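Reader: I'm new to this one and would like a close look at a single part. Could you walk me through it slowly, starting with the charged side chains?

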Amino acid sequence: MQIADLLRIPPETSRRQRADSTVVLITRLRLARNLASLPFPGWAKAGQRNDILAACQHAAQRVPQLRNGLHVSLSDLSDTERKILFERHLISKELSESRGAGVSISRDQSVSVMINEEDHIRLQVLRRGFDLKKSWNTATEIDDELEKHLDFAFHPQLGYLTSCPTNVGTGMRASAMMHLPGLVLAGHMEKVVRALNQVGIVVRGFFGEGSEASGSMFQISNQHTLGLAEPDILKKLSKFFNSIIEQELNARQVLLEKEHTKTCDKISRAYGILAHARLLNTAEAMNLLSLLRLASEVGFYPAQTVETLDRLLIEAQPNHIEHAVGRSIEPNQRDFFRAGLLREQVSRLPALDFSAGDA
């Protein structure tokens with residue numbers, strides 16, 4: 001499989017989800033692993049990094065879920081292609097800038113194996129909607145397959161050894177990408193973030209650490225992996241994720257009951273700008289699409305509209321715009337082409353129906 005073939009396929013995370021999990025866009029489960037015989041990537045010499053890449057991709061190509069996927073060195077991709085993979089959450093920003101790095105990605109883009117980022121291997125499983133159990137089952141299956149061909153660094157007392165102490169133990173990070181416009185519009189998000197931080201849960205923006213929470217999108221994950229078994233981590237996270245989902249749904253209900261006209265006005269204005277604007281930057285586009293996504297989630301649009309809006313959240317990213325245009329362009333030109341794409345796509349949406357609730 002070539003990179004051009006992969007980019008023509010819509011990612012797993014933009015496909016239709018279950019109706020009961022619209023608050024959660026993506027569930028992600030990640031495992032950090034290192035080879036026992038070689039130094040961590042930060043200490044490895046160029047030749048060692050190449051050996052690590054070769055060994056890990058050799059193993060990845062033998063994993064059933066990855067057999068017909070993309071196996072590539074990042075140095076063989078253009079800057080735009082690397083950034084598109086980042087915008088699809090298939091690689092990290094750090095990997096896209098690493099030396100001697102590579103990635104193996106399943107054909108449906110639900111699994112990626114990042115090689116030579118902070119650790120030798122970052123195995124990542126992405127699932128549409130809220131599904132920690134299936135994500136964990138898939139990750140362990142692939143982890144077992146990789147371990148048939150690779151000797152991972154493991155300590156009897158500490159567990160899996162990783163370059164960052166917070167990942168030592170299970171090496172597992174589980175997260176949910178959540179759409180929380182109700183809590184944002186109600187002004188409760190800061191309080192929620194503080195409460196989660198106090199119990200070891202981290203809240204980040206749309207693209208992870210250091211990124212902004214554009215479009216009311218937040219990545220919420222566990223912070224530590226040492227001293228806890230995987231089922232205990234997943235049980236704890238499920239409890240908190242369900243609590244956040246409940247709070248978000250309650251906040252939306254309050255908006256519909258007490259501020260119905262104001263909420264409908266925000267959504268109508270978002271539609272109006274998307275349908276007619278000639279220039280839109282990335283942040284503004286995401287915030288406007290977020291409001292239309294909220295409209296779909298509360299019944300102002302048919303439920304299946306969410307799938308279109310989630311696809312547009314990806315396609316409106318800077319490097320997806322450049323890829324669609326077919327050449328490198330300046331930021332103001334991207335804003336022009338982004339606005340054109342969104343005008344065309346939004347015009348195809350069904351009419352908004354604000355009959356849910358009283359004006």
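Does Asp265 count as buried, partly exposed or exposed, and what is its relative accessibility?

Author: Keep in mind that this is a predicted model. Asp265 counts as partly exposed, because its relative accessibility is 35%, and partly exposed covers what falls between under 20% (buried) and over 50% (exposed). Its salt-bridge partner is Arg269, with the two side chains meeting at 2.7 Å, N to O. Arg269 counts as exposed, since its relative accessibility comes to 56%. Both residues belong to helix 9, where they sit four residues apart, or about one turn of the helix. That spacing brings up a handy rule: an α-helix has 3.6 residues a turn, so residues three or four places apart point the same way.

Salt bridges can also chain together here: those that share partners link Arg128, Glu248, Arg252, Arg293, Glu297 and Asp310 into one network. Over the whole structure, a search turns up 21 salt bridges.

Now for a pair of bridges around Arg122. Its side chain meets that of Glu117 in a salt bridge at 3.0 Å, N to O, and it meets that of Asp119 in another at 2.9 Å, N to O. Arg122 counts as buried because its relative accessibility is 5%, and Glu117 counts as buried too, at 12%.

Glu81 is buried yet has no salt bridge, and the nearest side chain of opposite charge, Arg82, is 7.1 Å away. What Glu81 does have is the backbone nitrogen of Ser78, 2.9 Å from a polar atom of its side chain. Leaving aside residues up to four places away in sequence, Glu81 touches Ile3 and Leu7.

Helix 9 (260-276) is one of the helices that the buried residues of helix 13 pack against; the others are helix 10 (282-297), helix 11 (305-315) and helix 12 (318-325). Those buried residues are Arg334, Asp335, Arg338, Ala339, Leu342, Gln345 and Val346. They lie on the same side of helix 13, because they cover an arc of only 135 degrees around the axis. Helix 13 itself runs over residues 331-346, 16 residues in total, and spans 22 Å from first C-alpha to last, close to the 22 Å expected at 1.5 Å a residue.

Notes. Residues are numbered from 1 along each chain as its sequence is written. This is a predicted model: local features need pLDDT of at least 70, side-chain atom pairs count only at pLDDT 80 or more; totals for chains, interfaces and linings use all residues. Side-chain values use heavy atoms; hydrogens and water are left out. Helices (H or I, at least four residues) and strands (E, at least two) are DSSP runs, numbered from the N terminus. The expected span of a helix is 1.5 Å times one less than its number of residues. Buried means under 20% relative accessible area, exposed over 50%, partly exposed in between (1.4 Å probe, protein chains only). The arc is that of the directions from the helix axis to the C-beta atoms. Contact means heavy atoms within 4.5 Å. A salt bridge is a side-chain nitrogen of Lys or Arg within 4 Å of a carboxyl oxygen of Asp or Glu. Lys and Arg count as positive and Asp and Glu as negative; His and the chain ends are not counted. A polar contact is a pair of N or O atoms within 3.5 Å; within protein, one must be able to donate a hydrogen and the other to accept it, and residues adjacent in sequence count only if both atoms are side-chain atoms.
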